[in-house]
Amino acid sequence: MTNANQSSDSIFDRIIRREIPADIVFEDEHLIAFRDIAPQAPVHVLFVPKRGVRTLNDVPAGDAESLGRLLLAAAAYAKREGFAENGYRVLMNCNGDGGQTVFHIHLHLLAGRALHGFG
Ligand code: 5GP
C-alpha cells in the first residue's frame, strides 16, 4: 500500500532494492542498517524501515512498533559491536530545520568518539 506520505523512491529505497550499493551491517524483514556514506563519527550507521514514511511527522499514531524496532535494532547492534557500554547517540532529523536530507525515515546511530552537544 502506498500513499503520499509513503517513501517509495528515495535513495534508501534504492539501497533496499539493491539498485545501488551500500555497506549493509544488518537486515531483517522489517528494516535494513547500513553505514552512512559521509560518517560523522567512527561508527555512523543508518537504521531504515523497509516500508518507510517520509518523515517522523508521517508515522501513524498507532505505529509505535516501527519506531521501536529501529531503536531496539540500534541498541542490539551497539551490544554486538561492543560499544554499548562506552555509549552512543541515536537521533532522527525531521524536515528542514531538523536537517533532514533524505525523505525516507531513518535513525542515525553514532559512536566511537565522545559526542558532546548538538548541532
Ligand atoms: P538526514 O540528514 O536525512 O537525517 O540523513 C541522511 C543521511 O544519509 C546523511 O547522513 C547522508 O550522509 C546519508 N546518505 C545520503 N545518501 C546516501 C547514500 O547513497 N548511501 C549512504 N550509505 N548514505 C547516504
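Predicted model: local features only at pLDDT ≥ 70, side-chain atom pairs only at ≥ 80, totals over all residues.

Reply: Helix α1 gives the most to the shell around the ligand, with three residues.

Me: How many residues surround the ligand, and which are the closest?

Reply: The ligand is surrounded by 16 residues, and the closest are Arg35, Asp36, Asn93, Thr101 and His108.

Me: What's the split by class in that shell?

Reply: Eight are nonpolar, six polar and two charged.

Me: Which backbone atoms lie by the ligand's N and O atoms?

Reply: A backbone N or O atom of isoleucine 37 lies 3.2 Å from a ligand nitrogen. For glycine 99, a backbone N or O atom is 2.9 Å from a ligand oxygen.

Me: And what about the side chain of histidine 106?

Reply: One of the polar side-chain atoms of histidine 106 lies 2.9 Å from an oxygen atom of the ligand.

Me: How much of the ligand does the protein bury?

Reply: The protein buries 83% of the 520 Å² that the ligand exposes when taken alone.

Me: Which elements give two or more residues to the shell?

Reply: Those are α1 (11-16) and β2 (31-35).

Me: Switching to α2. What span should it have, and what does the model give?

Reply: Helix α2 covers residues 64-81, so at 1.5 Å a residue its 18 residues should span 26 Å. The end C-alpha atoms are 26 Å apart, which agrees.

Me: Which of its residues are buried?

Reply: In α2, the buried residues are Ser66, Leu70, Ala73, Ala74, Ala75, Tyr77 and Ala78.

Me: What do they pack against?

Reply: The buried residues of α2 pack against β1 (24-27), β2, β3 (43-49), β4 (88-91) and β5 (107-111).

Me: What comes just after α2?

Reply: Glycine 82, with a positive phi of about 90°.

Methods
Residues numbered from 1 in each chain as written. Heavy atoms only, no water. Near = heavy atom within 4 Å. Polar contact = N/O pair within 3.5 Å; in protein donor to acceptor, adjacent residues only side chain to side chain. Areas by Shrake-Rupley, 256 points an atom, 1.4 Å probe, with all protein chains shown as cover. Helix = DSSP H or I, 4+ residues; strand = E, 2+ residues; numbered from the N terminus. Nonpolar A, V, L, I, M, F, W, Y, C, P; charged D, E, K, R; others polar. Expected span 1.5 Å × (residues − 1). Buried < 20%, exposed > 50% of the residue type's maximum accessible area, 1.4 Å probe, protein only. Contact = heavy atoms within 4.5 Å.
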